[in-house]
Amino acid sequence: PVPVVAIVGRPNVGKSTLVNRILGRREAVVEDIPGVTRDRVSYAASWSGRRFTVVDTGGWEPDAKGLQQAVAAQAEFAMQSADAIVLVVDATVGATATEEAVARVLRRSKTPVVVAANKVDSERAEAEVATLWSLGLGEPHPVSAAHGRGAGDLLDVILDVL
Ligand code: GDP
Ligand code: MG
């Protein structure tokens, strides 16, 4: 069976942009307004000749109310249904209470978790990335989903844990 990679994280961190970057085409809907529910969330992807399914859990995005619980529910779903989980964090914001809550859930995951520190559009922005070690989920990997910076390295890491 084709392995499943689930992309989790709070609204607006760039999950759908990262999915599009992984796909190499604009298929997942990128929204400047968070919280828009999408019905289609699974996409066929490949990297280095390996096929996998990428799931944009943003289809489940809630409104701001109950955000922490909803993102934790995304993570629970991903832990049960995916072979690898990518927690996307906006590195320009850092770890919020929501990321801390989701990290608490993911730290007891048997499914491997990769932390993607997104919106690292320039070398200067990399300074903030190391603070995400505090999530207790291992090395944070800088990426700019919008511009592609670091995307190949991130995909290599994801395939390594699959
Ligand atoms: P999602 O809600 O997590 O799926 O986030 P989206 O993919 O819809 O992106 C939310 C906003 O962040 C959009 O305005 C994107 O253009 C922007 N964005 C996503 N990735 C990046 C990035 O790498 N750099 C910058 N500067 N903006 C990004
Ligand atoms: Mg989205």
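1. Ser48 is found in the loop that links strand E2 to strand E3 (50-56). Helices (H or I, at least four residues) and strands (E, at least two) are DSSP runs, numbered from the N terminus. Ser48 is not a glycine, yet has a positive phi of about 50°. Ser48 counts as exposed because it has 8 C-beta neighbours inside 10 Å. The terms of burial are as follows: a residue is buried if 20 or more other C-beta atoms lie within 10 Å of its own, exposed if 12 or fewer, and partly exposed in between, with C-beta atoms placed from the backbone.

2. The model is predicted: local features need pLDDT of at least 70 and side-chain atom pairs count only at pLDDT 80 or more, while totals for chains, interfaces and linings use all residues. Residues are numbered from 1 along each chain as its sequence is written, and chains are lettered from A and ligands numbered from 1 in the order in which they are written.

3. On the overall architecture, the protein contains 4 helices and 6 strands, arranged along the sequence as β-α-β-β-α-β-α-β-β-α. Of its 162 residues, 42% count as buried. Among contacts between residues at least 6 apart in sequence, 69% join residues at least 24 apart; two residues are in contact if their C-beta atoms, placed from the backbone, lie within 7 Å.

4. Asn12, which is not a glycine, has a positive phi of about 80° and lies in the loop between E1 and H1. With 16 other C-beta atoms within 10 Å, Asn12 is partly exposed. As background, most residues other than glycine have a negative phi.

5. Helix H2 (residues 67-81) has 15 residues and, at 1.5 Å a residue, should span 21 Å, which agrees with the 21 Å between its end C-alpha atoms. The expected span is 1.5 Å times one less than the number of residues. Ala70, Val71, Gln74, Ala75 and Ala78 are the buried residues of H2. Seen down the axis of H2, these residues fall within an arc of 145°, so they line one face of the helix. The arc is that of the directions from the helix axis to the C-beta atoms. The face of H2 turned away from the buried side carries the exposed residues Gln69 and Gln80. Strand E1 (4-8), strand E4 (84-90) and helix H3 (97-106) are the elements against which the buried residues of H2 pack.

6. How do H2 and H3 pack, in angle and in distance between axes? The angle is about 30° and the axes are 9 Å apart. Axes are lines fitted to C-alpha atoms, for helices over the stretch in contact, and angles run from 0 to 180 degrees between N-to-C directions. The H2 residues Leu67, Gln68, Val71, Ala72, Ala75 and Glu76 meet Ala97, Thr98, Ala101, Val102, Val105 and Leu106 of H3. The residues of this contact divide into 9 nonpolar, 2 polar and 1 charged. Here Ala, Val, Leu, Ile, Met, Phe, Trp, Tyr, Cys and Pro count as nonpolar, Asp, Glu, Lys and Arg as charged, and the others, Gly among them, as polar.

7. In H3, the buried residues are Glu99, Val102, Ala103 and Leu106. Their arc, seen down the axis of H3, is within 105°, so they line one face of the helix. They pack against E1, H2, E4 and E5.

8. Leu135 belongs to the loop between E5 and E6 and counts as buried, with 20 C-beta neighbours inside 10 Å. Leaving aside residues up to four places away in sequence, Leu135 touches Ala95, Glu99, Ala103 and Val115. The C-alpha atoms of Leu135 and Glu100 are separated by 6.4 Å, although the two residues are 35 residues apart along the chain.

9. Helix H4 (residues 151-161) has Leu154, Leu155, Val157 and Ile158 as its buried residues. They cover an arc of only 160° around the axis, which puts them on the same side of H4. The face turned away from that side carries the exposed residues Asp153, Asp156 and Asp160. The cover over the buried residues of H4 includes E1, helix H1 (15-23), strand E2 (42-47), E4, strand E5 (113-118) and strand E6 (140-142).

10. Arg51, in strand E3, is exposed, with 10 other C-beta atoms within 10 Å. Arg51 touches Val2, Ala44 and Ser46, not counting residues up to four places away in sequence.
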